[in-house]
Amino acid sequence: MFAYYLDLALRSLKRNRVLTTLMVLALALGIGATITTLTVLRLLSGDPLPQKSAQLFYPQIDPNSKDGYLEGQTKPDLTMAYPDAMALMHAKRGTRQAAMAMTQAKIMPDKAHARPFFSDAVMTTADFFAMFDAPFQYGSGWSEADDESGAELVVIAGFLNDKLFGGTNSVGKTIRVGDHDLRIVGVLKPWSPQPRFYTQGMGSRSYGDGDAVFLPLRTARAMEMGPQDTECYAAVEDFRHLETAPCEWLGVWVELNNEGAVAGYKQFLDGYVKQQIAIGRFVRPDTSLLDLMSLMREQQVVPDDVRLQADLAFGFLLICVVNTVGLLLAKCLRRSQEIGVRRALGATRKEIFSQFMVEAGMVGLAGGVLGLAFAELGLLGIRHQPAQYASLAHLDLSMFAFTFVVALVASLIAGLLPAWRASVLAPAPQLKAA
Amino acid sequence: MEIRPILASLRKHRIPAILIVLEIALACAVLCNAVFMISKRVSDIHLPNAIDEQGLVAVTLRGTDDKLVGSDLPRNLAALLGIAGVKQVAVTSSLPLSQNNWGWSFGSSPDSVISDKKNINVSLYFVGAGADQALGLHLLQGRFFNADEFADSKFDTAPLPETHVVVVTQRTAERFWPGQSALGKTLYSMPHYYSVVGVVEDVLRPNINTQNTDKSYEDVFFPMSAAGSKGALGFYLLRGAPQDRDRIMRDAEQKLAELNPAAIAKGTTYLGIRAKYFADMSSMAWMLVLVCAVMLAVTAFGIVGLTSFWVGQRRRQIGIRRAVGATRGHILQYFQTENFLLTSAGVLLGMGLAFGINLYLMQHYEMDRMPWYYLPCGALALWLLGQASVFGPAQKAASVPPVVATRGIG
């Protein structure tokens with residue numbers, strides 16, 4: 001029976017080509033727009049470290065003055081001052097912990113005539129790589145002792161290794177950063193979590209290529225490398241020596257493996273702040289300990305425009321579906337006589353209904369195929385945009401499958417009303433009219 | 001035109017009529033909001049900026065040696081002045097829309113310190129001698145800095161300069177001292193204080209505030225000496241005739257790279273900086289335009305499709321009317337009036353929906369309330385669209401010959 005309905009549907013669609021084309025085109029445009037924007041939205045709101053994100057937590061404290069403070073409403077700052085970051089680091093209350101800030105490293109290639117260039121760099125501490133599952137191609141990270149001594153060493157990204165050393169094992173060689181020669185101890189495999197969760201509040205972009213250079217915090221500071229963003233909460237006497245200035249510029253991440261550890265850490269954090277209040281350093285008691293994905297949501301890393309585009313695309317799809325309902329209805333009511341004949345020859349209402357749903361489904365499938373083409377076109381357009389995330393916009397397998405789900409669901413919803421109208425037509429008047 | 005028969009006929013074709021109304025309503029609601037979003041973006045992109053945007057070229061020089069900057073900087077400037085067509089050169093710490101923001105909060109009373117929440121945040125521009133000329137600033141009151149003030153200003157260990165003079169924009173002056181002259185007034189962030197010596201026409205900040213565009217102009221200028229700048233003066237400005245700017249940009253970048261082999265020079269025209277800043281915004285605006293166009297097309301085709309079906313179904317009825325004396329004009333008018341009624345109902349519903357969508361967007365995004373006049377404008381657009389799309393099918397209806405009535409079958 002299904003094959004017969006398919007045949008009927010094909011005949012009917014062919015009979016009125018203009019109307020069919022209009023329906024398919026409208027549906028395809030709606031689906032294309034929806035899939036394009038959803039692909040981007042999913043990409044940008046995705047989990048940067050799916051295997052690990054539930055265990056990564058971001059402590060926040062608030063060293064600001066009482067001025068402007070509303071109890072329970074004021075949120076603590078994103079970054080913290082050096083003494084606080086170091087206090088949390090040295091307490092070692094998490095399985096792992098790392099402090100970090102974003103900076104720019106001037107790299108001098110060793111070759112003649114090669115111009116120096118700036119690269120994104122992270123100044124951080126030893127646990128960074130293991131905690132964030134950063135994969136090494138050659139060598140490894142550095143040790144806690146290197147952090148303490150400010151050892152002149154560096155971990156570089158695979159793409160920088162390709163550029164400077166042609167992709168060969170460069171561990172043990174040196175690279176000139178600023179005016180210091182740093183020994184390479186590790187080379188990362190391609191690694192660029194999206195969004196770049198660890199750059200929040202540090203004056204750096206949230207999407208795009210990974211960082212080129214990772215070096216110990218103390219080493220970088222000794223080389224006078226400064227953070228990209230600094231927030232000061234009291235009058236600053238010596239801005240050059242940020243370690244003692246009342247300025248926030250470091251983010252701290254901790255790895256906590258179970259609920260008990262999370263509760264314990266929150267208690268520790270509250271205790272730390274109470275202690276600081278007792279010695280007169282702090283006045284605000286609020287702390288926060290969000291996991292990675294909660295922090296991303298709270299920070300609204302996904303750009304407003306991207307969410308807006310997705311909303312808009314859904315509105316557009318809705319318009320296209322209403323339009324398809326109208327056109328399908330027009331088509332099926334025009335065939336009242338045919339329906340009358342089929343009913344008179346013994347077709348049940350259910351069968352008429354199925355027949356028209358099959359027809360709607362076929363329009364949906366055609367709309368899905370064409371919509372996929374529109375989505376690819378849309379993503380191609382996005383890849384040519386200046387946005388940070390432009391290069392990431394690709395259709396993956398699940399979105400490919402999802403396109404057809406959307407197309408079928410949309411067309412079947414659109415087909416419901418016309419198919420129902422067709423099935424309740426009384427056969428007699430139609431036959432008489434014929 | 002009698003509308004009662006039309007209403008009676010619509011009552012018989014309730015579902016297609018409701019569908020057209022719904023389609024118009026959705027289109028109207030989305031159109032009003034999309035056009036509002038587009039207009040907001042277009043006005044942001046065209047925010048005025050009182051500098052010579054057309055003739056300005058900037059080269060950033062990064063990675064220089066801070067200890068040598070006192071001698072390197074004058075040498076670099078002298079070399080840049082030698083480029084053909086360059087009228088003025090100067091250095092600054094940043095440029096409007098360059099996204100390189102150095103912000104600080106000041107108060108207007110002598111006890112103001114940085115942690116005062118009532119302080120006002122402004123963007124700081126540190127400029128070398130001649131920057132007013134190179135930027136093309138428009139002085140409204142007072143004066144720009146004199147040679148001594150440039151020579152004496154320097155950075156010590158604090159993030160604010162060791163000087164006591166400042167030039168503010170008109171809107172900064174208005175924000176700190178509303179209704180008063182800013183000249184001679186003082187900005188405080190103890191232990192630093194700065195007296196206003198001049199007021200210039202509004203210059204944009206390195207990052208604008210799309211929520212409140214007035215705040216996008218709250219910036220101040222400080223003098224800065226080359227030797228005391230500690231690497232803060234990274235933007236070399238060159239001003240020439242607009243037709244020379246691309247050549248000046250290439251020459252200047254090359255010259256600075258040659259003179260400073262260990263540093264990184266990157267040139268751009270000011271228009272390039274502006275275009276880059278607004279690139280995302282303008283691509284979003286174009287996307288909205290595209291969505292509106294396609295959506296209107298889809299709606300129009302929907303109306304054409306449904307009305308054509310309608311006409312086809314009523315051929316016999318039309319034939320009878322023609323046979324009893326209705327002219328082609330009457331038939332045409334019938335369908336046009338019918339469409340007008342449907343569109344009106346759709347537009348009415350759509351305006352309510354548009355208002356609701358606007359409320360939703362205000363809640364979830366940085367969006368202002370839509371001014372009321374968007375609603376009648378959207379309504380007008382859909383009336384026109386409706387009339388345009390019904391014209392074809394209505395003409396087809398009008399061309400139904402009266403003889404159809406005499407045939408038994410419609």
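Buried means under 20% relative accessible area, exposed over 50%, and partly exposed in between (1.4 Å probe, protein chains only). The legends below use these words throughout.

**View 1. A salt bridge between A:D211 and A:R196.** This is a predicted model, in which local features need pLDDT of at least 70, side-chain atom pairs count only at pLDDT 80 or more, and totals for chains, interfaces and linings use all residues. Residues are numbered from 1 along each chain as its sequence is written, chains are lettered from A and ligands numbered from 1 in the order in which they are written, and side-chain values use heavy atoms, with hydrogens and water left out. A salt bridge here is a side-chain nitrogen of Lys or Arg within 4 Å of a carboxyl oxygen of Asp or Glu. For A:D211 and A:R196 the N to O distance is 2.4 Å. Both residues sit in the loop between β8 and β9 of chain A, 15 residues apart; helices (H or I, at least four residues) and strands (E, at least two) are DSSP runs, numbered from the N terminus. A:D211 is buried, as is A:R196.

**View 2. A:D133 meets A:K52.** Across the whole structure there are 31 salt bridges over all chains. In this one, N and O lie 3.7 Å apart. A:D133 belongs to the loop between α4 (128-131) and β5 (136-139) of chain A, and A:K52 to the loop between α2 (17-44) and β1 (56-61) of chain A, so the contact ties together parts 81 residues apart in sequence. A:D133 is partly exposed at 31% relative accessibility, while A:K52 is buried at 8%.

**View 3. B:D214 and B:R171 in chain B.** Over in chain B, the closest N and O atoms of this salt bridge are 2.5 Å apart. Because B:D214 lies in the loop between β8 (192-200) and β9 of chain B and B:R171 in helix α6 (residues 170-176) of chain B, the pair ties together parts that are 43 residues apart in sequence. B:D214 is partly exposed, with a relative accessible area of 41%, and B:R171 is partly exposed at 28% relative accessibility.

**View 4. The rings of A:W191 and A:F214.** Rings of Phe, Tyr and Trp (its six-membered ring) pair if their centres lie within 6.5 Å; planes under 30 degrees apart count as stacked, over 60 as edge-to-face and the rest as tilted. The search finds 38 aromatic pairs over all chains. With centres 6.5 Å apart and planes at 50 degrees, A:W191 and A:F214 are a tilted pair. A:W191 is in the loop between β8 (180-188) and β9 (213-216) of chain A and A:F214 in strand β9 of chain A, so parts 23 residues apart in sequence are tied together. A:W191 and A:F214 are buried.

**View 5. B:Y125 stacked with B:F221.** Here the centres are 5.2 Å apart, with 25 degrees between the planes. B:Y125 is part of strand β4 (residues 120-127) of chain B and B:F221 of strand β9 (residues 219-223) of chain B, so the pair ties together parts 96 residues apart in sequence. Both B:Y125 and B:F221 are buried.

**View 6. Charges over rings in chain A.** A charge sits over a ring if NZ of Lys or CZ of Arg is within 6 Å of the ring centre and within 35 degrees of the ring normal. The charged end of A:K163 is 3.8 Å from the centre of the A:F117 ring. A:R221 lies over the face of A:W249, 5.3 Å from the ring centre.
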